[in-house]
Amino acid sequence: MPSPQPRTAVLCGTGSHLPPRRVDNDELSRVLDTSDEWIRSRTGIGARHWADPGTTTSDLAAAAGARAVADAGVSEVDAVVVATTTPDRPCPATAPVVAGKLGLTGVAAFDVAAVCTGFIYGLATATGLIAAGAARRVLLIGAETYSSILDPADRTTSVIFGDGAGAVVLRAGEPGEPGAVGPFDLGSDGDGVDLITVRGGGAEQRLSGREPEPGDRYFAMAGKSVFWQAVRNMSKSARAVLDQAGWRVDEVDHLVGHQANLRILNRLADDIGIPRERSITNIAEVGNTSAASIPLALDQARAAGRLRAGDRVLLTAFGGGLTWGSTTLTWPEQATTRTEERT
Ligand code: COA
């Protein structure tokens, strides 16, 4: 008897959500010693969205998730995975709350914590659930309210990060079909723990016997060091995953890198050897939305008609941990034309 085809994850729906409050560089320049010119030239960012008081990560995640589920034309999933650095609470995870808000109480639900690499780690996790037969459909959401951990007085971080959510629905399918998620390259380096961090609020600080410093509750980043680590690790990881997928660099139609900084994305494209015009970027309007950045960029690029069925997409990310990861994806036909997802 022939052995059954291995199951893998196939993309069948996307969605995203941005909180309505748009904060442009001029607004920040009125409260911080910075300027539109500095922010644009160093980061490529012109504006970002920040959640209003009372709006949480689970609210943004549920809004994006609802759109992805509707886009996939399904009413049920078997698991909800939320990639986030800014969970609603340190305990419990945000995903069960999101599942509840979506009317999906009862399904498996948990968070993935890999900072800006969270969506790629989440994709690997969702693919694993499907390949293991533990789920037929997974809703994966990257969602962040970075505004909740930014030090309003810190111009080096406040200008970079934004809030938002992006989501995908993945279903069980076969490796060769359009929409199939390809191989993964994942990595980490805990020696870099201090380069991107929130020092306070965890066991390390609570068990130290020391009172937290005022700044310990805020996000801190060693920008310059992170810049080069991001370029180096994303390009190395992206090349590794292209090798695994058997794709030549010139066969990549779209590079979707973590939207960290436009200069990082440009260096990344140059290092891999992909023309910059094949790099999808939305950072000018949303800033760095960490775990939300790749699914948000995918959903917006799709809405803009930039992603066509059969296009070869290379995804790569880098973030705190340090962590990094890459995968490949062949863009699927419109999810709603499929019938098998509705079974
Ligand atoms: N406005 C004006 N000046 C600013 C500023 C701001 N918002 N932020 C920093 N500066 C100043 C610094 O204080 C420094 O001044 P000094 O020379 O008097 O000390 C000067 O600009 C240069 O700072 P530096 O940190 O060397 O700038 P940079 O060119 O490296 O750009 C970042 C800073 C943060 C934009 C850049 O390092 C970066 O994007 N890093 C990666 C960030 C990232 O994407 N992180 C997430 C990865 S997942």
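**Close-up 1. What C116 touches in this predicted model**. Leaving out residues up to four places away in sequence, C116 is in contact (heavy atoms within 4.5 Å) with H258, N288, S290, A291, A317, F318, G319 and G320. You'll find C116 in the loop between β5 and α5 (118–131); helices (H or I, at least four residues) and strands (E, at least two) are DSSP runs, numbered from the N terminus. At 9% relative accessibility, C116 is buried (under 20% relative accessible area, with exposed being over 50% and partly exposed in between; 1.4 Å probe, protein chains only).

A word on the ground rules: residues are numbered from 1 along each chain as its sequence is written, and side-chain values use heavy atoms, with hydrogens and water left out. Since this is a predicted model, local features need pLDDT of at least 70 and side-chain atom pairs count only at pLDDT 80 or more, while totals for chains, interfaces and linings use all residues.

**Close-up 2. H258 and its contacts**. H258 sits in the loop between β11 (254–257) and α9, and at 1% relative accessibility it counts as buried. Again skipping residues up to four places away in sequence, H258 touches C116, M234, L265, N288, S290, S293, I294, T316, A317 and F318.

**Close-up 3. The UniProt "active site" residues**. The unreviewed UniProt entry lists C116, H258 and N288 under "active site"; positions are in the numbering used here, feature names are shortened, and annotations may be inferred rather than shown by experiment. They are spread over 173 residues of sequence yet cluster in space, with a largest C-alpha distance of 8.8 Å. C116, H258 and N288 are included in the lining of the second largest pocket.

**Close-up 4. The second largest pocket**. Its volume is about 500 Å³. On a 1 Å grid over the protein atoms alone, a pocket is an open set of points with protein on both sides within 12 Å along at least five of seven lines, and lining residues have an atom within 4 Å of a point. Points are joined across faces, edges and corners, and a volume is the space filled by probe spheres set on them. Of the 25 lining residues, I160, G223, K224, F227 and N261 lie nearest the centre. Two or more residues each come from α2 (36–43), β10 (219–221), α8 (223–245), α9 (262–272) and β12 (312–319), and α8 gives the largest share, six. By class, the lining splits into 15 nonpolar, seven polar and three charged residues (nonpolar: Ala, Val, Leu, Ile, Met, Phe, Trp, Tyr, Cys and Pro; charged: Asp, Glu, Lys and Arg; polar: the others, Gly among them).

**Close-up 5. The largest pocket**. Here there's about 1,100 Å³ of space. Its lining has 37 residues, with T85, P87, V198, G200 and G201 nearest the centre. β9 (196–198) is among the elements that supply at least two lining residues, and β9 has the largest share, three residues. The lining has 13 nonpolar, 15 polar and nine charged residues. Domain 1 (8–173) and domain 2 (181–335) each give it at least three residues; the bounds come from an automatic or database domain assignment.

**Close-up 6. The second largest cavity**. A cavity is a set of grid points where a 1.4 Å probe fits but cannot get out, and two of 30 Å³ or more are counted.
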